[in-house]
There are 2 protein chains.
Amino acid sequence: MTDFHVYDTTLRDGAQQEGLNLSVPDKLAIAGYLDQLGFGFVEGGWPGANPKDTEFFRRAATELRLQHAVLAAFGSTRRAGTEAAQDPQVLALVESGAPVVTLVAKSSPRHVVEALHTTLEENLAMVRDTVSFLVAQGRRVFVDAEHFFDSYVQDPAYPVQVVQEAFAAGAEVVALCDTNGGMLPPQVFRAVTELRAVTDGILGAHCHNDTGCAVANTLAAVDAGATHVQGTVNGYGERTGNADLVTVVANLQLKQGREVVDPAALAQALHLSHAVSEVTNIPPVGRQPYVGASAFAHKAGLHASALKVHPDLYQHTDPALVGNSMRTLVSDMAGRASIELKATELGYDLTHDRELAARTVKRVKDLEQDGWTFDAADASFELLLREEVTGEPLQYFATESWRIITDSGDGREALSEATVKLRAAGRRVVATGEGNGPVNALDHALREALADAYPELAGFELTDFRVRILDASHGTDATTRVLIETSDESSSWQTVGVAPNIVHASWTALVDSFSYGLLKRGVQPRP
Amino acid sequence: MTDFHVYDTTLRDGAQQEGLNLSVPDKLAIAGYLDQLGFGFVEGGWPGANPKDTEFFRRAATELRLQHAVLAAFGSTRRAGTEAAQDPQVLALVESGAPVVTLVAKSSPRHVVEALHTTLEENLAMVRDTVSFLVAQGRRVFVDAEHFFDSYVQDPAYPVQVVQEAFAAGAEVVALCDTNGGMLPPQVFRAVTELRAVTDGILGAHCHNDTGCAVANTLAAVDAGATHVQGTVNGYGERTGNADLVTVVANLQLKQGREVVDPAALAQALHLSHAVSEVTNIPPVGRQPYVGASAFAHKAGLHASALKVHPDLYQHTDPALVGNSMRTLVSDMAGRASIELKATELGYDLTHDRELAARTVKRVKDLEQDGWTFDAADASFELLLREEVTGEPLQYFATESWRIITDSGDGREALSEATVKLRAAGRRVVATGEGNGPVNALDHALREALADAYPELAGFELTDFRVRILDASHGTDATTRVLIETSDESSSWQTVGVAPNIVHASWTALVDSFSYGLLKRGVQPRP
C-alpha cells in the first residue's frame, strides 16, 4: 500500500467498552481478523499493566501468523522521578517483544498537575527518557498525546512542546488524541494544520465519538496532513466508542481515492467486522455505515421503482466494494416495484406474470393492513410468495389443537406447560412441553411432537423473539405481532405472526420458522 | 429561542428504518415527546400517499396539544404534465390541515430524466407551480431539494436553479438533501458556502449517515450559513439512518453556544429519547452520543477519586445538561442526581435523607441490572419510592394464585381463560375471566375478583401494552419486560413488570397499575 498508517486499537481501547470482556484466545482470534482487514498495525494491549495482555503477547509471538499487520504494545511513559530503564512497566513493553511500542504521554498541563501530580518539566523528561530508551532497545516508538485537543484549544504552547519533545527523542509517530471526545471537525482541522506547519514528523489522530463526529474528526485530521489513523472495528470503545476504523478506511479509499488497504481486504469488511462481533458477542448494529445489514437496504417504494433501473441512483457507493449487497424491504411504503425486486432477490420472477404480481402485491397490502410486516421477516414473505407461485401452502404437518397452561401461586415464579396435538408422517401425535413462558413451552412441545417425523428440527434454535402490540388504543384487546428469528449452524431466518392473541401469533411465526428451515434443507413434507 | 429551525422527521423519514413500523397511536405519542424536546417542527408523514398518515393528521388536529412544535406534512411536487390544483396528492397536503407543507423536489438532472422521466424544464415548473399553489392556500412551504449534493458536485448549475426557483415561488426554506448519504463535511461546507453567496433564503440540511458523517455534515452546513437542521430522534432512518437530531442540537447548543432549544427541554433529552425507543420498541444504543447509557460511563484505568475531584478532566460536557449522569462502573452512587431529581418531580424529597436516597438508588440500580426500566414507568417508580419512604409496600389485596389457559383447535382463533384467587376486604375471592389473550383474560379476572372491594377499578382502562424481550440471545428463554399504560377519565399512568415469563411480568405491571390508580384516587387499602 502507501506509507499511510491504519492503526487498530480494538484489543486495547476497544476493550474498554462497557460489557466487552475479551479472553486471550478472543484477542488472538480478533487479531487474525484485523490482519485480514489489511490494517497496518494491531495494538494488542498493555503488557505489564494487566496479566492477560502480557500472556497475549507471549502467545502472539508463536501463535499469530500476521500477513500485513505489525503488532504494537501499549504502555505509558515512565513514572515521575524514576529512570525509564528501571521502570517495570516500561521494561514489560520491551519484554513483550512487540516491534512497535505506543506510549501514552500527557499533553495537557491540567492533567499533568492535577491527575499525574508532577511538574510540566518532569512530564517532558518522562516523554524524552522513555522514548529514547525504547528506541535504543530497537523499538519503533509511537506516542499517543493524551488530551491533546482539549489542551490545544486552551493554549497550544505546552501540547505542541510535548509533540516536539517526542519527535526529538526519536518517536516515529505522534497520534493526537481527543481523549474526552468533545471535539468538532473544524477544531481538529485547525489544530492539526497549525501543528503540521511546525513539525515534519508523522502525525496521527485518535478520536472518540462523544459528539458523534469521531469519523469526521479523523478525516479532518487527515485533510490537515495526518497520515496515521487510529480506531476500532465496529467503533467499540469506552463511553460512545472510538472512531469506526472500517468506516474511516472505506471513506478514505472509496470517497477520497487513497488506497490505504488492499481493495481485496476491504471487500471482506462486512464478513470480518461481523466475525469480530461473533467473538465479542456484541450483536452487529444494522445501521452501521458500509457493513450494517441495513446499510444498503431500501424501503421506500418511491426509491424501489428507480432502483430497478439504476441502482447507482440511490446508492452512495457499490456495496460489493465492502462485501455488502443491496436489499429491498417489503413494507406498506412499498409498491409493486419493490415486491417484484424482492421476489427476484429470492429467485422468483414476477415481472413476466403481471396477474401473479398483482395478486401477490394485493395480498401483501391486505396483510399489512392487518398489522403484518415483512421487512423484517424474509422467510415468511418467501413462504407467502411460494404459495402464490405454486398455488398451494407448504404444510409439513396438520395441527389438530394446542393448549397452554400458565400458573403461579404463593408468590412462586410462573411456569408454562403446553400440549400440542397434530398429524405428521401419517401418525397422530400428542406431546407436552414445559417452559418459562408460553412460547418457550409451545416451542418445546412442538419439537417433541415432530421429533420423529422431522429430526432435522433438532438443529434449529430460536435466537430472537420480538413482540409488538398494534393499535395500542385498545390496550390488551389489541392485535399482536410476533417476530421470531431462528438459526441453524449455517444461517438464520425471520418469520412473523399476527393475531389478537399473542400466543396464537407466536404459534403462527413458530410454524413458519420450522417450515422455512425444513424447506431450506430440502426436506419433503410428510403430512 | 432564536429563529433557528430544528426540524424533526422521525415520523416520516425515521419510519423508513428497517424493522420500524409505527401505528397512528405510536405516532401521536412520539409527536408529544418531540414537542417536549423543544423541537420547532414535527414532520408527521405523507398524507395521501399512505392512509395511516392521513389518519395521523386527522387525529392530530383534535388529539395533539403541541406546546412548541409546528406540524409539517410531507409530500411531493405535482406530477409532470398536470396542474397542482388538480393533483390529488397535492390536495391531500392541503386537506391535512398542517400549517407547514414540506415538498420533496428533484434537484438532480439524472433523477429528473431517468427516475421521474420528465424534462428539466417541466421539473422546474413542477416546483414553481406546487410551491405557489400551496402558498396561495395559506401554507408555509418548505422544500427538500432531493439529491442536491450528489448533483452539485457534478455540476452546480441545475440544483442551484431548483433552489432559486423554489424561493422565487415563495418557499420559506430550502433544505439541501444528501439523500444517498455519501457526502463528507468539506463537500457539504463548500456547496452551502457557494449557495449562501447567491441566495438570501433560509437554507437547511437533511443528511443521512452512510459515511458515518451525518452529524458532522449537518454542522458543516450550519457553519456555512444554514439555519435549519433536519434529523430524527435516535438517528432512526432508512439504511444507516438520518442525522441524530438530539446529538446535532446538543453540539450546536453545548459546543457552539447557539441556543436552538430550551435548555430545560435539552435536560430531558435522555428521558425523552428513551421514551421514544420504548414506543418504537427498538432498544436504545448504549454508545449513543450524549444520551446513551454508556455515554458518560468510565471503565477501569481511571481513578474514581480523581474522577470525583475533577469530573471535567474526563468529561467533554456536563451530563446533567442532557439529563444523563456520570457513572464509574464500580460505583453504585451513580445516577443519584437523576433519581433525586425524579423523586422531587413526584413530590418526594430525598436530598435531606442521604441514607434513604442511597438505599433507593441502590434498589433502582439493582432492578435495572435485572432489566427493569423506569424511564417510561413513572407510576411503578413512585410506588417503589413510596415503599422506601413509608417502609412498607402498598397492598390492596393478597394474591393466593392465578392460572391462565390458552387453547386453539381445528384452526379456530385462540381463546384465553384466567382464574385468580386472592383475599380482599377480608374475603377470599375466586374469579374467572375470558379474553383474546392471556393478559386480557387476567385483566378481566382481576377486575371481577376486586369489583366488590374496589368498585373504582371500573373507571380504569388498559390503553397500552408493550413487550420487550431482553437478552434476546436466549430467544424464548430470555427475560421479558412489560410496560402497561392505564387511563381513567382524567389521566393516564405507566407501570412496568419484569420476569422470565411474559405472563408473570404482565401480572406484576397489572397489579402496579391497579394499585397506583387506587392510590391516586385516595382509596385506602382494604386487604
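A polar contact is a pair of N or O atoms within 3.5 Å; within protein, one atom must be able to donate a hydrogen and the other to accept it. The exercises below apply this and related criteria to a predicted model.

**Exercise 1. Characterise the interface of domain 1 and domain 2 of chain A, including the number of residue pairs in polar contact.**

Step 1. Locate the domains. The assignment for chain A places domain 1 at 5-280, domain 2 at 297-369 and domain 3 at 398-520. The C-alpha centres of domain 1 and domain 2 of chain A are 43 Å apart.

Step 2. Seven residues of domain 1 of chain A meet seven residues of domain 2 of chain A. Together these two domains bury about 560 Å², with 59% of that area on carbon and sulfur atoms. A:L254, A:K255 and A:L270 contribute 68% of the area that domain 1 of chain A buries against domain 2 of chain A, more than any other three residues.

Step 3. Count the polar interactions. Four residue pairs are in polar contact across the interface of domain 1 and domain 2 of chain A, both residues being at pLDDT 80 or more. The number of salt bridges across this interface is zero.

Step 4. Assign the contacting residues of domain 1 to helices. Both α10 (245-255) and α12 (269-280) of chain A supply at least two residues of the side that touches domain 2 of chain A. The largest share, three residues, belongs to α10(A).

**Exercise 2. Describe the contact between chain A and chain B, and state how many salt bridges are counted there.**

Step 1. Consider the size of the contact. Chain A contributes 110 residues and chain B contributes 110 residues. About 8700 Å² is buried between the two chains, and carbon and sulfur atoms give 50% of this area.

Step 2. Count the interactions. Between chain A and chain B there are two salt bridges, together with 31 residue pairs in polar contact (both at pLDDT 80 or more). On the side of chain A that touches chain B, strand β11 (residues 398-409) of chain A gives the largest share, ten residues.

Step 3. Examine one salt bridge. A:D312 pairs with B:R110, and their closest N and O atoms are 2.8 Å apart. Side chains of opposite charge can pair when their charged atoms come close.

**Exercise 3. Describe the open sheet of chain A and the closed barrel of chain B.**

Step 1. Begin with the sheet. Its three strands are ordered β14-β15-β16 (chain A) with antiparallel pairing. The edge strands, β14 (461-470) and β16 (492-499) of chain A, each pair on one side only. The average twist from one strand to the next is 15°.

Step 2. Follow one pairing. Nine bridges join β14(A) to β15 (residues 479-487) of chain A in the antiparallel sense. A:R468 is opposite A:R481 in β15(A).

Step 3. Turn to the barrel. Eight strands, β1-β2-β3-β4-β5-β6-β7-β8 (chain B), form a closed barrel with parallel pairing. The twist there averages 25° from one strand to the next.

Step 4. β1 (residues 5-8) and β8 (residues 228-231) of chain B pair in the parallel sense over four bridges. B:H228 in β8(B) is the bridge partner of B:H5.

Notes. Residues numbered from 1 in each chain as written. Chains lettered and ligands numbered in written order. Predicted model: local features only at pLDDT ≥ 70, side-chain atom pairs only at ≥ 80, totals over all residues. Heavy atoms only, no water. Pairing = 2+ DSSP bridges. Axes fitted to C-alpha atoms, helices over the stretch in contact; angles between N-to-C directions. Domains from an automatic or database assignment. Contact = heavy atoms within 4.5 Å. Buried area = accessible area lost by both parts, 1.4 Å probe. Salt bridge = Lys/Arg side-chain N within 4 Å of Asp/Glu carboxyl O. Polar contact = N/O pair within 3.5 Å; in protein donor to acceptor, adjacent residues only side chain to side chain.
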